[in-house]
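The sequence and structure come first.

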Amino acid sequence: MQYSQPQNPRMSVLSTTSLASDHFSPASSSTRFSLPVGAPINIPAKQGNKPQIYDRNLNKTRTAEVSLSAYAFLFAEIVRYTQMRVSGIGDLERRLNVLGYRIGTRVLELMSWRAEAGTKAPKREIRFRAALMSVHSQVWRAVFAKPADAIEKSVDSDDEYMIIDNDPPITRYISVPKDMEQLSCSSLTAGIVEAVFDGLGFPARVSAHSTPTDAYPSRTTILIKLDKSVLEREESSK
Amino acid sequence: MVVFGLWVINKAGGLVYQRSFADGLSQLTANENLVLAGTLHGIHAITSRLGPTGSSSGAQVIEAETFKITILHTLTSTKFVLFTSLHDVNAEPLLQKVYEVYADAGMKNPFHAPEMPIRSEKFDTRIQALLGSTQA
């Protein structure tokens, strides 16, 4: 299938320092898998008795809760920082999307590990509808501790689906000024969703749009526009 | 109790938020509000140095014949000033809640710059919900 790997253009917007420490990028981690020639493998001694984050059981923090305030401050600072370094709203949304993408790849991995590690027959979603349902409930629950509020299918085009959140926790305290009305800070969420779909093998373009109603002023729609190849595959495997 | 108005004054003495609630009050112009807020800032600075036993928290309540001014001075020197009717016991807890709203809708909003005027829709709505309903 000719679908360009989304990783590389995404990496280009990241600073080199964050690339160097990125355990995700194949470029930086390839040396870890090459065998040293004739030299004994040196396992670096643990520094002091500090517990390493990698030693921790992945299930330990499954139900742990984090402070919404702390994350609200962190996210506000991310938006503020990013906003100073972009030229327009589109650029800002794209960068938030990229940051979300990096979260999403990890969320997918951790989520599948947690959900499937214990079962005898681990599975992954291969049909789009099922994958969409699992993003709506499981990904949302893993990231925001609640399922999203609705799933919709576009009436106009076959390749567009929507996930709707009536009150996204990350934008709960954010008021977008009038002159930036088109901006949706949920682009981060869109990035997460895009990464999960990419990881599951459903390449798509995902964007976030504010669709306020009177009852839910911060209602947000995550719009998923599927790649043509996905539709063709769905069609052929019916 | 009746809440007449709310000011938020930044640490330099500038008025960053002003809102009046009760109907039928004679309104001040924006400029008059700014001057009065600056004056109150000065008075507060003076009273905080008047304590007989060294530094003090400064004026907390100023009572007039027909109204009462309650001042909440935070650790970061932002002042929340509430104008209420004289026999009002709720002003201080209310100011704490205003402080909370400020922390939520002001400081956690990436489009708000500290010490600058607060222009946030969510701040407005939450202040309205908090103080607008106290007119009884």
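Chain B of this predicted model contains three helices and five strands, and from the N terminus on these elements follow the order β-β-α-β-β-β-α-α. Chain A, for its part, has eight helices and four strands, which read along the sequence as α-α-α-α-α-α-β-β-α-β-β-α. The table sets out the computed totals for each chain.

| Property | Chain A | Chain B |
|---|---|---|
| Residues | 238 residues | 136 residues |
| Buried residues | 37% | 43% |
| Accessible surface | about 15100 Å² | about 7400 Å² |
| Part of that surface from carbon and sulfur atoms | 56% | 58% |
| Among contacts between residues at least 6 apart in sequence, those joining residues at least 24 apart | 62% | 50% |

**Aromatic pairs**

Over all chains, the count of aromatic pairs comes to 10. One of them joins F128(A) and F202(A), whose ring centres are 5.7 Å apart and whose planes stand at 70°; since an angle over 60 degrees counts as edge-to-face, the pair is therefore assigned to that class. The pair links distant parts of chain A, with F128(A) in helix α6 (residues 128–144) and F202(A) in the loop between α7 (187–200) and β3 (204–210), 74 residues apart. Both F128(A) and F202(A) are buried.

In chain B, the rings of F80(B) and Y102(B) have their centres 5.2 Å apart and their planes at 75°, so this pair is edge-to-face as well. Because F80(B) belongs to strand β5 (residues 79–84) and Y102(B) to helix α2 (residues 91–107), the pair ties together parts of chain B that are 22 residues apart in sequence. F80(B) has a relative accessibility of 0% and counts as buried, and Y102(B), with a relative accessible area of 9%, is buried too.

F197(A) and I224(A) are the residues with the most contacts inside the largest nonpolar core, which has 39 residues. At least two residues of this core come from each of α4 (68–83), α5 (89–116), α6, β2 (160–165), α7, β3 and β4 (220–226) of chain A. When its neighbours within four places in sequence are left aside, F197(A) is in contact with F128(A), A131(A), L132(A), V135(A), F202(A), P203(A) and I224(A). Apart from this core lies another, of 21 residues, which includes V8(B), F21(B), V101(B) and Y102(B).

**Charges over rings, and a residue touching both chains**

Within chain A, the charged end of R85(A) sits over the ring of Y81(A), at 3.7 Å from the ring centre.

Which residues does N109(B) touch, not counting residues up to four places away in sequence? In chain A they are R80(A), Y173(A), I174(A) and S175(A), and in chain B they are D104(B) and S120(B). N109(B) is found in the loop between α2 and α3 (121–131) of chain B. Its relative accessibility is 1%, and because buried means under 20% relative accessible area, N109(B) counts as buried.

Conventions. Residues numbered from 1 in each chain as written. Chains lettered and ligands numbered in written order. Predicted model: local features only at pLDDT ≥ 70, side-chain atom pairs only at ≥ 80, totals over all residues. Heavy atoms only, no water. Buried < 20%, exposed > 50% of the residue type's maximum accessible area, 1.4 Å probe, protein only. Contact = heavy atoms within 4.5 Å. Areas by Shrake-Rupley, 256 points an atom, 1.4 Å probe, with all protein chains shown as cover. Phe/Tyr/Trp six-rings, centres within 6.5 Å; stacked < 30°, edge-to-face > 60°. Lys NZ or Arg CZ within 6 Å of the ring centre and 35° of its normal. Core = buried A, V, L, I, M, F, W, Y, C linked by side-chain atoms within 4.5 Å.
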